[in-house]
Amino acid sequence: MSKAAGNDLSLLDLLGWKRTIFAMYARVRDSVDPAAAWTEWQTARDRLFAGHPQSPLLPEARAAFPGLPYFEYDPAARVLGTVEAAEPEHYDIATSGEAEGSYGFTRFAVARFELGGAPHRLDLFWLDGYGGGLFVPFRDSTSGRSTYGAGRYLLDTVKGADLGMEGGRLVLDFNFAYNPSCAYDPRWVCPLAPPGSRLDVPVQAGERYR
């Protein structure tokens, strides 16, 4: 995610934000207690949103910031995905925000998992830009109701959001689902969840929108 062109960004502040996010997710992956790691993750995100120069919140919104809203932690929302290779398919994923455009990603695999007692799948995307990175957005039946209408992000390793692997399977803990920055300020430009990233169930875990 980035701000639309024309904004005066401090690249060192942005680097500091990224360092903090990478360190935060490293602690999550190292933790033996996912629920405790989730609580620490919430606290760290609230601290960043309230006080960091690169906060997605407008400066006037930070003073009265009450903390981000979340569903209650649900152990059943932490699942492991079996990754299967898929025929590579390029997508120019549309973005939200004031600046229209797209990001180039390649769908390279799918993750299959059970959630709520039923089988599901999500496409796994690889960022086409320099260095690449895994990107897993999703929408579900809460989108536009209790969660952000354009969907949420689960993994975005370019930005540090990486829950790791367990027993050769991808950790998909929906308690760590979060809103893209454009949910707070349309000056941010964020790729949206494409059709292969939609779940037909309510995922009542992770960050809420209201």
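Helices here are DSSP runs of H or I with at least four residues, numbered from the N terminus. This is a predicted model, in which local features need pLDDT of at least 70, side-chain atom pairs count only at pLDDT 80 or more, and totals for chains, interfaces and linings use all residues. Residues are numbered from 1 along each chain as its sequence is written, and side-chain values use heavy atoms, leaving out hydrogens and water.

**View 1. Ser 55 sits in the loop between H2 and helix H3 (59–62).** Ser 55 counts as buried (under 20% relative accessible area, with a 1.4 Å probe and protein chains only), because its relative accessibility is 2%. Beyond its neighbours within four places in sequence, Ser 55 is in contact (heavy atoms within 4.5 Å) with Trp 17, Leu 48, Phe 49, Arg 62 and Trp 188.

**View 2. Here helix H1 (residues 11–30) meets H2.** Their axes, lines fitted to C-alpha atoms over the stretch in contact, come within 9 Å and cross at roughly 170°. H1 is therefore roughly antiparallel to H2, a label for angles over 145 degrees. Among the residues making the contact are Thr 20 and Ile 21 of H1 and Ala 44 and Leu 48 of H2.

**View 3. Trp 41, Leu 172 and Phe 174 touch the most other members of the largest nonpolar core, which has 52 residues.** Such a core joins buried Ala, Val, Leu, Ile, Met, Phe, Trp, Tyr and Cys residues through side-chain atoms within 4.5 Å. Helix H2 (residues 34–51) gives the most to this core, with six residues. Leaving aside neighbours within four places in sequence, the contacts of Trp 41 include Met 24, Tyr 70 and Phe 176.

Note on methods: Buried < 20%, exposed > 50% of the residue type's maximum accessible area, 1.4 Å probe, protein only. Helix = DSSP H or I, 4+ residues; strand = E, 2+ residues; numbered from the N terminus. Axes fitted to C-alpha atoms, helices over the stretch in contact; angles between N-to-C directions. Parallel < 35°, antiparallel > 145°, perpendicular 65-115°, else oblique.
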